[in-house]
Amino acid sequence: MQYQIVGDTLPAVICTVEANETLITENGAMAWMTPNMKMETTTNGGLGKAIGRAFSGEKMFQNLYTAQGGPGQIAFASSLPGCIRAFNISPGNDMIVQKRGFLASERSVTLSVFFQKRFGAGLFGGEGFIMQRLSGNGVAFVEFDGYVVEYTLQKGQQMLVDTGYLAAMDATCSMDIQQVSGLKNVLFGGEGLFNTVITGPGKIYLQTMPLNQLASSIQPYIYTNRG
């Protein structure tokens with residue numbers, strides 16, 4: 001497979017595949033394709049895995065697209081303003097991504113549910129108890145909200161992140177929560193009660209405009225227009 005990511009704030013990834021090569025995508029992500037791309041809707045692993053994907057923010061069913069009779073081309077578009085990143089997934093190099101982050105991948109990549117082991121991190125960390133895990137061997141495309149900033153954390157090195165800004169991390173990283181100190185900071189700081197603490201080693205990917213922040217920014221204008 002060859003691919004090209006195009007666009008700035010509303011990107012798409014255009015994939016060129018060989019004959020009989022198959023790509024997996026979430027339901028509704030396909031934007032355009034050549035006529036020889038055959039679509040098959042499936043639970044891709046049975047009912048149990050389908051339910052797990054639903055918990056992680058994806059649809060229960062996935063679409064498989066296979067090139068028939070020769071090379072084909074297919075494009076997958078981002079659902080929100082932001083960016084698309086390609087990750088090379090390999091055994092021992094899993095990725096943990098935010099809910100609804102998965103866009104598409106080679107068939108050899110597995111999308112599964114990832115449960116936060118620490119109760120506090122799951123309850124107050126911004127993504128809830130459940131995130132998405134990408135494993136297997138192949139290229140996966142993930143969509144982020146806004147621009148993405150990368151950091152490489154050494155073992156024991158930490159980054160303090162406001163709720164919702166963590167987009168993805170290597171599976172070698174761990175996540176916990178830390179309460180904002182000081183009553184005045186909690187009441188008037190506008191940052192909520194908790195921050196997310198990411199501990200290395202591994203790479204982390206932070207997004208500049210989480211969906212919850214975007215929604216809260218435009219909400220006053222929606223209510224004003226309705227009035």
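**Ground rules.** I number residues from 1 along each chain as its sequence is written, and I use heavy atoms for side-chain values, leaving out hydrogens and water. As the model is predicted, local features need pLDDT of at least 70 and side-chain atom pairs count only at pLDDT 80 or more, while totals for chains, interfaces and linings use all residues.

**Entry: the count.** I looked for salt bridges (a side-chain nitrogen of Lys or Arg within 4 Å of a carboxyl oxygen of Asp or Glu). I found 4 in the structure.

**Entry: Asp94 and Arg133.** Their side chains meet in a salt bridge at 3.0 Å, N to O. Asp94 sits in the loop between β8 (82-89) and β9 (95-97) and Arg133 in strand β12 (residues 130-136), so the pair ties together parts 39 residues apart in sequence. I take strands as DSSP runs (E, at least two residues), numbered from the N terminus. Asp94 counts as buried at 18% relative accessibility, and Arg133 as partly exposed at 25%. My cut-offs, with a 1.4 Å probe and protein chains only: buried is under 20% relative accessible area, exposed over 50%, partly exposed in between.

**Entry: Asp145 and Arg100.** Here the closest N and O atoms of the salt bridge are 2.7 Å apart. Strand β13 (residues 138-145) holds Asp145, and the loop between β9 and β10 (102-106) holds Arg100, 45 residues apart. I noted Asp145 as buried at 4% relative accessibility.

**Entry: Lys203 and Glu150.** This salt bridge has its closest N and O atoms 3.4 Å apart. Lys203 is in strand β19 (residues 202-207) and Glu150 in strand β14 (residues 148-153), 53 residues apart.

Note on methods:
Helix = DSSP H or I, 4+ residues; strand = E, 2+ residues; numbered from the N terminus.
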